[in-house]
Amino acid sequence: MTGAPRQFVVRDFETESGVVLPEARLAYRTFGSRDAPRGAVLVPSHFMAGSADNGFVIGDGLALDPAEWFVIATELLGNGVSSSPSTTPPRSTGRGSPSRRSATPSR
């Protein structure tokens with residue numbers, strides 16, 4: 001899996017705790033074509049792997065073959081590629097990104 005991830009930006013992202021991130025970024029990679037014959041599939045990452053760690057399932061002849069599927073593989077919030085304490089500038093309160101627990105959508 002090559003290439004740098006792209007980023008989807010959500011402005012004024014409100015977390016479960018009510019903290020608002022002025023600019024939340026969700027990193028992702030895509031494989032295949034948007035007009036793939038079998039449609040699109042979203043592959044969320046987990047705490048032990050990111051969007052580039054899905055080589056066992058995404059690829060030619062594999063379960064998620066980009067010739068058949070448009071695959072969108074995401075990165076978790078808080079993992080250092082998407083918005084996280086290490087990539088979010090401090091807010092006016094002097095604190096950076098909220099805790100991981102509060103980084104879930106409120107809606």
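This is a predicted model: local features need pLDDT of at least 70, side-chain atom pairs count only at pLDDT 80 or more; totals for chains, interfaces and linings use all residues.
Phe-8, Val-10 and Leu-26 make a nonpolar surface patch of about 230 Å². Patches consist of residues with over 30% relative accessible area and no salt bridge, with like charges joined within 9 Å and nonpolar side chains (Val, Leu, Ile, Met, Phe, Trp, Tyr) within 5 Å. Residues are numbered from 1 along each chain as its sequence is written, and side-chain values use heavy atoms, with hydrogens and water left out.

The chain contains 0 helices and 4 strands, arranged along the sequence in the pattern β-β-β-β. Helices (H or I, at least four residues) and strands (E, at least two) are DSSP runs numbered from the N terminus. Of the 107 residues, 33% count as buried, where buried means under 20% relative accessible area, exposed over 50%, and partly exposed in between (1.4 Å probe, protein chains only). The accessible surface of the chain comes to about 6700 Å², and 56% of this belongs to carbon and sulfur atoms. Among contacts (heavy atoms within 4.5 Å) between residues at least 6 apart in sequence, 59% join residues at least 24 apart.

Val-10, a member of the patch, lies in strand β1 (residues 6–14) and counts as partly exposed at 30% relative accessibility. A salt bridge is a side-chain nitrogen of Lys or Arg within 4 Å of a carboxyl oxygen of Asp or Glu, and 2 are found in the whole structure. In one, Arg-11 is joined to Glu-23, with the closest N and O atoms 2.3 Å apart. Through shared partners, the salt bridges join Arg-11, Glu-23 and Arg-25 into one network.

Strand β4 (residues 70–74) is mostly covered, with 4 of its 5 residues buried. Strands are taken to pair if DSSP finds at least two bridges between them. β4 pairs with β2 in the antiparallel sense over 4 bridges, and Ile-72 in β4 is the bridge partner of Thr-30. β4 also pairs with strand β3 (residues 40–43), in the parallel sense and over 4 bridges; here Phe-70 in β4 is the bridge partner of Ala-40.

The largest nonpolar core has 8 residues, namely Phe-31, Val-43, Val-57, Ile-58, Leu-64, Trp-69, Val-71 and Ala-73. Such a core is a set of buried Ala, Val, Leu, Ile, Met, Phe, Trp, Tyr and Cys residues joined through side-chain atoms within 4.5 Å. Leaving aside neighbours within four places in sequence, Val-43 contacts Asn-54, Leu-64, Val-71, Ile-72, Ala-73 and Thr-74.

How values were computed
Accessible areas come from the Shrake-Rupley method with a 1.4 Å probe; for residues, only the protein chains shown count as cover.
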